[in-house]
Amino acid sequence: MGKFSVKKDFCLALIILVIGVIIGICIIKLSGNSSTSSIQMLRFNEIVNHNAGVALTILIIGSLTLGVGGLVILFINGISMGIVMGILSFKQIVFILFPYALFELLSFIFIAMAGIEISRNIKKFWKERKLIVLVNEWFYIRFLVTITLTLLAIAGLIEVYI
C-alpha cells in the first residue's frame with residue numbers, strides 16, 4: 001500500500017459514489033416524482049446499527065470481490081442518497097441532509113477502501129503463500145475501520161440530535 005494506491009482508492013470510491021448520487025437525482029427528476037414522505041425519527045442506536053451493518057457488508061463483500069462488490073454497494077447508496085436529494089429542496093439538503101450525510105458517506109468510502117486493501121492482501125497471499133502478507137497492512141486497515149466507526153457515530157448523533 002503506497003500513497004498512490006490510497007489516493008487512487010479514495011478517488012475511485014468517491015467517483016463511484018458521486019456517479020450514484022447523480023443517477024439518483026436524475027431518476028427522480030426524470031420520473032417527475034417529487035412527493036416527499038414524512039421524516040421518520042429513529043433512535044441513535046438504530047441508525048448506528050443500520051449504518052454499521054451497511055459498512056460491514058461493504059467491508060466483507062469488498063474483501064471477497066477484489067473491492068468491486070463494496071464499490072457496487074457504495075454506488076447503490078449513492079443512488080439512494082441522490083433520490084433523497086432529488087425529492088428535498090435545496091434548503092433541506094443543506095440544513096438537514098448534508099450535515100450527517102457527509103460523515104455517513106465518508107465512512108462508507110473509508111470502509112470500501114479497507115475492503116479493497118484486504119482484497120489486495122488476500123490476492124497477494126494466494127500468490128506468495130506467506131501468512132505475513134495477510135497482516136502487512138493491518139495498521140492501515142484498523143485505522144480505516146476506526147475512522148469509519150467514528151464517522152458513523154458522529155453521523156448518528158447529528159441525524160438524531162440536530
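## Helices, a surface patch and ring pairs

In this predicted model, I15, I19, I23 and I27 form a nonpolar patch on the surface, with about 320 Å² of accessible area together. Nonpolar patches join side chains of Val, Leu, Ile, Met, Phe, Trp or Tyr within 5 Å, taken from residues with over 30% relative accessible area and no salt bridge (a side-chain nitrogen of Lys or Arg within 4 Å of a carboxyl oxygen of Asp or Glu), and areas come from the Shrake-Rupley method with a 1.4 Å probe. I15 lies in helix α1 (residues 3-31), where helices are DSSP runs (H or I) of at least four residues, numbered from the N terminus.

Residues are numbered from 1 along each chain. Local features need pLDDT of at least 70 and side-chain atom pairs 80 or more, while totals for chains, interfaces and linings use all residues, and side-chain values use heavy atoms, without hydrogens and water.

The structure holds 2 aromatic pairs, meaning Phe, Tyr or Trp rings (for Trp the six-membered one) with centres within 6.5 Å, which count as stacked under 30 degrees, edge-to-face over 60 and tilted otherwise.

| Pair | Centres | Planes | Type |
|---|---|---|---|
| F10 and F110 | 6.0 Å | 35° | tilted |
| F125 and W126 | 5.5 Å | 65° | edge-to-face |

F10 lies in helix α1 and F110 in helix α4 (residues 90-128), so their pair ties together parts that are 100 residues apart in sequence. F110 is buried at 18% relative accessible area, F10 is partly exposed at 25% and W126 is exposed at 52%; buried means under 20%, exposed over 50% and partly exposed in between, with a 1.4 Å probe and protein chains only.

Notes. Patches are made of residues with over 30% relative accessible area and no salt bridge: like charges are joined within 9 Å, nonpolar side chains (Val, Leu, Ile, Met, Phe, Trp, Tyr) within 5 Å. Helices (H or I, at least four residues) and strands (E, at least two) are DSSP runs, numbered from the N terminus.
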